[in-house]
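Here's a quick briefing to read with the model open beside you. Take a look at the structure, then work through the points below.

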Amino acid sequence: LGRMDWQPTGKDHFFLRYFYQDDPFINAGGSVPAGNWYNVPDTAHSVGADWSRTITSSIVNQVRYSFQQTAILFQGGANPKCVWTTPEQCSANIGIGHNGTDPNLGFGYATNIPQGRTVKVTQAQDNMTWTHGKQTILMGGEWDYQNSPNPFLPDWNGGFNFNSFDSFMAGAGSVTIGNSSGFSVKFREHDAAAYFQDDYKITPQ
């Protein structure tokens, strides 16, 4: 966490802050004996800047900028190369049914690994305040941009199911293969807004 305040002149004031968070969360899910345990790292970056300028004794203008990126991923672990950028490096999921009353341990990552969510938001804003006697006028505008690539496609490497170990040895089972057209969904959105407000005080109270 870092912060800076700077006032180079009597009319200008600058403010800057930066925030960073990193939580690796090792062995967050899956199974160690089955060799499909994975990590859930999450990171956050946040930057904010502000410039306020007193134009005249009655007019003040403020420009603000902020950027925030938050990401949480389900990947790695047993196979460090099994990450959202290289999903083809992950092993397929293989499930083996019971032989009588004895359970069989399957292997391979779950069909929903790897995956993740990333949210990146940029915001720019301008605000102006004009005060004249009993009247105060506020006006401004804002522009927002969201860029959120979300990597996730179940059954990317396939899911294989066998009723028993004998079926597995014989290669007699069912398979589910996901669509390989694209692993990430790239969500983007632009937003803009403006406002105007006129306040008038009839009395000092």
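**The nonpolar core**

The largest nonpolar core has six residues in all: Tyr38, Val40, Cys82, Cys90, Tyr109 and Ile113. A nonpolar core here is a set of buried Ala, Val, Leu, Ile, Met, Phe, Trp, Tyr and Cys residues joined through side-chain atoms within 4.5 Å. Buried means under 20% relative accessible area, exposed means over 50%, and partly exposed is in between (1.4 Å probe, protein chains only).

Keep in mind that this is a predicted model: local features need pLDDT of at least 70, side-chain atom pairs count only at pLDDT 80 or more, and totals for chains, interfaces and linings use all residues. Residues are numbered from 1 along each chain as its sequence is written, and side-chain values use heavy atoms, with hydrogens and water left out.

**Around the core**

- Leaving aside neighbours within four places in sequence, Tyr109 is in contact (heavy atoms within 4.5 Å) with residues including Trp37, Gly76, Ala78 and Asn93.
- Those contacts of Tyr109 also include Tyr38, Cys82 and Cys90, which are listed in the core too.
- Ile113, another core member, is joined to Pro114 by a cis peptide bond, with omega about 5°.
- Pro114 sits in the loop between β5 (93–96) and β6 (115–132); helices (H or I, at least four residues) and strands (E, at least two) are DSSP runs, numbered from the N terminus.

- Where is Phe25 found? Look in the loop between β2 (12–23) and β3 (42–54).
- Phe25 isn't a glycine, yet its phi is positive, at about 45°.
- Asn27 lies in the loop between β2 and β3, and it has a positive phi of about 50° despite not being a glycine.
- Phe25 counts as partly exposed because its relative accessibility is 45%.
- Asn27 has 39% relative accessibility, so it counts as partly exposed.

**The largest pocket**

- The largest pocket has a volume of about 160 Å³.
- Elements giving two or more residues to its lining are β2, β3, β4 (59–74) and β6.
- Among the residues that line this pocket are Phe15, Arg17, Asp50, Tyr65 and Gln123.
- A pocket is an open set of points on a 1 Å grid over the protein atoms alone, where a 1.4 Å probe fits, with protein on both sides within 12 Å along at least five of seven lines; lining residues have an atom within 4 Å of a point.

**A helix residue**

- Ser167 lies in helix α1 (residues 165–170).
- Ser167 counts as buried because its relative accessible area is 17%.

Definitions and conventions:
Grid points are joined across faces, edges and corners, and a volume is the space filled by probe spheres set on the points.
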